[in-house]
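Student: I am new to this structure. Can we go through it step by step?

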Amino acid sequence: MKKTLTVLVLLLCAASLVISLGLFYNMGVFVDEATCTPADVCGGEGWLIADWARLAFLALACVLCAAILFTKQKR
């Protein structure tokens, strides 16, 4: 049961990370075409930092879930 839950969380985190990276990339393309700053598109510097933090936390969650899943448990 614990392994199934870990796999589910890993898949959800990985899907969320891929979607977030795609949205972040699209924002970068828009910023280049509209000649504005990323902070302008996000609504301010704080929201831009929150976007970076979300990407970092999702990546960390993926790494931790993978580490839990692929390390051998002692019984």
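Questions and answers on the chain follow.

Tutor: This is a predicted model, where local features need pLDDT of at least 70, side-chain atom pairs count only at pLDDT 80 or more, and totals for chains, interfaces and linings use all residues. Residues are numbered from 1 along each chain as its sequence is written, and side-chain values use heavy atoms, leaving out hydrogens and water.

Student: In what order do the elements of the chain run from the N terminus on?

Tutor: Helices (H or I, at least four residues) and strands (E, at least two) are DSSP runs, numbered from the N terminus. The chain has 3 helices and 0 strands. The order is α-α-α.

Student: What radius of gyration does the chain have?

Tutor: The radius is taken over C-alpha atoms, and the globule rule is 2.2 Å times the number of residues to the power 0.38. For a compact globule of 75 residues that would be near 11 Å. The C-alpha trace spans about 55 × 20 × 15 Å along its principal axes. The chain has 16 Å.

Student: Which side chain meets Arg 54 in a salt bridge?

Tutor: Side chains of opposite charge can pair when their charged atoms come close. A salt bridge needs a side-chain nitrogen of Lys or Arg within 4 Å of a carboxyl oxygen of Asp or Glu. Here the N to O distance is 3.1 Å. The partner of Arg 54 is Asp 51.

Student: Is Asp 51 buried or exposed?

Tutor: Buried means under 20% relative accessible area, exposed over 50%, partly exposed in between (1.4 Å probe, protein chains only). Arg 54, at 34%, is partly exposed. Asp 51 has 16%, so Asp 51 is buried.
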